[in-house]
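Colleague: Could you walk me through this one? I would like to go over some charged side chains and then some helix packing.

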Amino acid sequence: MWVYLINIILAGAITKILHEESGFFQKSGLLSLALFVVSFILLCVIAGIFRKKYITQIYLSSGLFLFFLKELVVANLKVSYEVLSPGSNLHPAVITVPLDLSTDLEIMLLANMITLTPGTLSLDVSEDKKKLYVHTLYSDESREVFRKNIKQGFEKKILAINQL
């Protein structure tokens, strides 16, 4: 995970340096984005040469990011529909989700992804870090289905990344 963050920082630094040194790159923000992406890919390839698991981690991280984007779009549409439609179909509840995640970083990532998804909010983590308390606006589906969606979605993907 740290190599991934270092690659993002280095790609940003390379983009910044080339952006300031070259007048050509100053004219287009799109070219700067392309330069950032190319720098990031090159740094990933270099890191992948020295650490084989890194490419797999990048692949799994991209999968987690795309899954999060999908959940974000679906949740936004669901909340937008609720706001624009007459009446209320909200069934708020606090649901306890048992955790298989063990590190603070993994739990923080899961809690933040849940909170960033409209209609859900991570409230707290139990003292033993085995349970996450989540507030949801839509408890009309069973609590087991809600737990299963979080465990089979976000948690499973986070575990896959960190267990390499």
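Colleague: Is Arg147 buried or exposed?

Modeller: Arg147 is buried, because its relative accessible area is 18% and buried means under 20%, with exposed meaning over 50% and partly exposed lying in between (1.4 Å probe, protein chains only). Please keep in mind that this is a predicted model, in which local features need pLDDT of at least 70 and side-chain atom pairs count only at pLDDT 80 or more, while totals for chains, interfaces and linings use all residues. Residues are numbered from 1 along each chain as its sequence is written, and side-chain values use heavy atoms, with hydrogens and water left out.

Colleague: Which side chain does Arg147 meet in a salt bridge?

Modeller: That of Glu144, at 2.7 Å from N to O, where a salt bridge is a side-chain nitrogen of Lys or Arg within 4 Å of a carboxyl oxygen of Asp or Glu. Both residues lie in helix 6, three residues apart, or about one turn of the helix, helices being DSSP runs (H or I, at least four residues) numbered from the N terminus. Glu144 is exposed, with a relative accessible area of 53%.

Colleague: And how many salt bridges does the structure hold?

Modeller: Five. One of them joins the side chains of Lys151 and Glu155 at 2.5 Å, N to O; Lys151 and Glu155 are four residues apart in helix 6, so about one helical turn separates them. Salt bridges with shared partners link Asp100, Lys151 and Glu155 into one network.

Colleague: Are Lys151 and Glu155 buried or exposed?

Modeller: Lys151 and Glu155 are both buried. In another salt bridge, Lys70 meets Glu71 at 3.1 Å, N to O, and there Lys70 is partly exposed at 45% relative accessible area, as is Glu71 at 23%.

Colleague: Changing topic, at what angle do helix 4 and helix 6 pack?

Modeller: Helix 4 (residues 53–84) and helix 6 (residues 143–162) pack at about 165°, with their axes 9 Å apart, the axes being lines fitted to C-alpha atoms over the stretch in contact and the angles running from 0 to 180 degrees between N-to-C directions. The two helices are therefore roughly antiparallel, a term for angles over 145 degrees.

Colleague: Which residues of helix 6 does helix 4 meet?

Modeller: Helix 4 meets Gly153, Phe154, Lys157, Ile158, Ala160 and Ile161 of helix 6, contact meaning heavy atoms within 4.5 Å. On the helix 4 side, the residues include Leu60, Leu64, Phe67 and Glu71.

Methods
Parallel < 35°, antiparallel > 145°, perpendicular 65-115°, else oblique.
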